[in-house]
Amino acid sequence: RVDGLWIVSGFRTYAEQAALHRRKPGLAAPPGHSMHELGLAADLGFPSQAAETAAHREAAGCSLRFPVSYEPWHVEPA
């Protein structure tokens, strides 16, 4: 169990993903290529480094994964 997590971003429409990609082209996936658009991804907020570490450690046991190494906050179903 990891206490204090929150969802920063969840489902995004195509238009929202397009706008985000325009603002952050090297970080956000192009529209049509994001699991957020399918409702299958979330960006998490962590209250501490210890909580982030615990979330990564416990993810597989919850059928989740953190697939993007440079986005340690991005979680998807495993």
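The entries below go from the sheet to the pocket and then to single residues.

**Entry 1: ground rules.** I am working with a predicted model, in which local features need pLDDT of at least 70 and side-chain atom pairs count only at pLDDT 80 or more, while totals for chains, interfaces and linings use all residues. I number residues from 1 along each chain as its sequence is written, and side-chain values use heavy atoms, with hydrogens and water left out.

**Entry 2: the sheet.** I took helices (H or I, at least four residues) and strands (E, at least two) as DSSP runs, numbered from the N terminus, and I counted two strands as paired if DSSP finds at least two bridges between them. In what order do the strands of the open sheet lie? I found four strands in the order E1-E2-E4-E3, with antiparallel pairing. Strand E1 (6–9) and E3 stand at the edges with a single partner strand each, so one side of each has no neighbour in the sheet.

I then went through the pairs of strands. E1 and E2 are antiparallel and joined by three bridges, and Trp6 has Gly45 in E2 as its bridge partner. Strand E2 (residues 42–45) is joined by two bridges to strand E4 (residues 74–77), again running antiparallel, and here Ala42 has Val75 in E4 as its bridge partner. Strand E3 (residues 64–65) also pairs with E4 in the antiparallel sense, over two bridges, with Leu64 opposite Pro77 in E4.

For burial I used relative accessible area: buried means under 20%, exposed over 50%, and partly exposed in between (1.4 Å probe, protein chains only).

**Entry 3: the largest pocket.** I worked on a 1 Å grid over the protein atoms alone, where a pocket is an open set of points at which a 1.4 Å probe fits, with protein on both sides within 12 Å along at least five of seven lines, and lining residues have an atom within 4 Å of a point. The largest pocket holds about 410 Å³ of space, and of the 23 residues that line the largest pocket, the closest to its centre are Arg12, Leu20, Ala28, Asp43 and Glu71. Which element gives the largest share of the lining? Helix H1 does, with four residues, and E1, H1 and E4 each supply at least two.

**Entry 4: the loop between H1 and E2.** Ser34 is found in the loop between helix H1 (14–23) and E2. Is Ser34 buried or exposed? Its relative accessible area is 9%, so I noted Ser34 as buried. Taking contact as heavy atoms within 4.5 Å, and leaving aside neighbours within four places in sequence, I found Ser34 in contact with Arg12, Gln17 and Ala29.

Ala29 lies in the loop between H1 and E2 and counts as partly exposed at 26% relative accessibility. Ala29 touches Gln17, His21 and Ser34, not counting residues up to four places away in sequence. The C-alpha atoms of Ala29 and Gln17 are separated by 7.6 Å, although these residues are 12 residues apart along the chain.

Pro31 also has its place in the loop between H1 and E2. Leaving aside its neighbours within four places in sequence, Pro31 is in contact with Tyr14, Gln17, Ala18, His21 and Glu37.

Entry 5: I found Arg1 in the segment before E1, where Arg1 counts as exposed at 85% relative accessibility. From C-alpha to C-alpha, Arg1 and Ala51 are 9.6 Å apart in space and 50 residues apart in sequence, while Pro31 and Arg1 are 33 Å apart in space and 30 residues apart in sequence.

Entry 6: Most residues other than glycine have a negative phi. Ser63 has a positive phi of about 60 degrees although it is not a glycine. Ser63 lies in the loop between helix H2 (49–58) and E3, and at 49% relative accessibility I noted Ser63 as partly exposed.

Notes:
Points joined across faces, edges and corners; volume = space filled by probe spheres on them.
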